[in-house]
Amino acid sequence: MYVYLVAFVPLFYLVWIKCIYDRHRHTLRSSLKSTMNVSSERDTDGADVRALVVTAHPDDECMFFAPTIVRLVALNASVHLLCLSEGNYYNQGAQRREELLSSCATLGIPASRVTIIDHKNLPDDPKAEWSISLVSSAVLKHITAHSINMVLTFDGRGVSGHANHVAIYKAVRHLASTGELPKECVLLSLETVGLLRKYISFLDLPFSWLLPSHLCCVVGSKGYKQAKAAMLCHRTQLLWFRYLYITFSRYMFINTFQTIPQGPKNLKIY
């Protein structure tokens, strides 16, 4: 009896994951409608979404945001990427720029929608303190220029804890408090999960589905292969532990987002 139970529990869990994934494939449009506060009477699709993914370094787009980018592109959304540095920590900026463009093309973002900023005050350096006002102004400029109605970036823990990731969240949160954003623009932060959940791959899906979030994006085997191919474009970054990340990270399969509320807050500007 015990042997049957041991065999049944993993099987039941995998079937549950498959059911959740199948349901998600058919509910993402309604989730987007709810997230963007679109009237339930209005028939909308992904083409209404003009999304801006804001990252700190080349490879952030596929390491952390690939499931979201893949799903939005599949829904015919207009996806833009704003990368705030060339990733020049090891003086490989020029090469990493080309790797980023290749990665984005693999994910479905054309080069015309990719903007890479190379600013002396925004270095790729975990010890550097990025200016909130400089980052927020760059993001706002991009939102205005491309009529963006959805911004996706890191949360306050930056997924990996990198100071540059956290700085972007602080800048977007500041922007949310200024009243300068278009009313229809929604700000979303990528949820940081604990170490165990982070490295159980697609097995995290039930937790991501059950725990509250404002948007959940999930890919299957085809989307995972696309995310993996994008990761492999970043050849300068393919150290041994990156292969482990590609194999085990839930961020290759699953993204969950929380809304960054808009309204006045007392934030210190640097």
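This is a predicted model: local features need pLDDT of at least 70, side-chain atom pairs count only at pLDDT 80 or more; totals for chains, interfaces and linings use all residues.
Me: What makes strand β2 (residues 78-83) count as mostly covered?
Reply: Buried means under 20% relative accessible area, and six of the six residues of β2 are buried.

Me: Which residues of β2 point one way, and which the other way?
Reply: Ser-78, His-80 and Leu-82 point one way, while Val-79, Leu-81 and Cys-83 point the other way. Side chains in a regular strand alternate between the two faces of the sheet. Residues of β2 on either side are buried.

Me: Why is β2 said to pair with strand β1 and with strand β3?
Reply: Pairing needs at least two bridges. Six bridges join β1 (residues 50-55) to β2, and three join β2 to β3 (residues 114-116), so both pairs qualify. β1 and β2 run parallel, as do β2 and β3. Leu-52 stands opposite His-80, and Cys-83 stands opposite Ile-116.

Me: What lies between β2 and β3 in the β-α-β unit, and which hand does the unit have?
Reply: Helix α4 (residues 93-107) comes between β2 and β3, and the unit is right-handed.

Me: How do the axes of helix α5 (residues 132-146) and helix α6 (residues 163-178) lie?
Reply: The two axes come within 8 Å and cross at roughly 65°. The crossing of α5 past α6 is right-handed. The α5 side of the contact includes Ile-132, Val-139 and Ile-143, and the α6 side includes Lys-170, Ala-171 and His-174.

Me: How do the residues of this contact divide into nonpolar, polar and charged?
Reply: Eight are nonpolar, two polar and one charged. Lys counts as charged, so Lys-170 of α6 belongs to the charged class.

Conventions
Residues are numbered from 1 along each chain as its sequence is written. Side-chain values use heavy atoms; hydrogens and water are left out. Buried means under 20% relative accessible area, exposed over 50%, partly exposed in between (1.4 Å probe, protein chains only). Helices (H or I, at least four residues) and strands (E, at least two) are DSSP runs, numbered from the N terminus. A crossover is right-handed if, with the strands pointing away from the viewer, the path from the first strand over the helix to the second runs clockwise. Axes are lines fitted to C-alpha atoms, for helices over the stretch in contact, and angles run from 0 to 180 degrees between N-to-C directions. A crossing is left-handed if the near helix is turned anticlockwise from the far one by less than a right angle, and right-handed if clockwise. Contact means heavy atoms within 4.5 Å.
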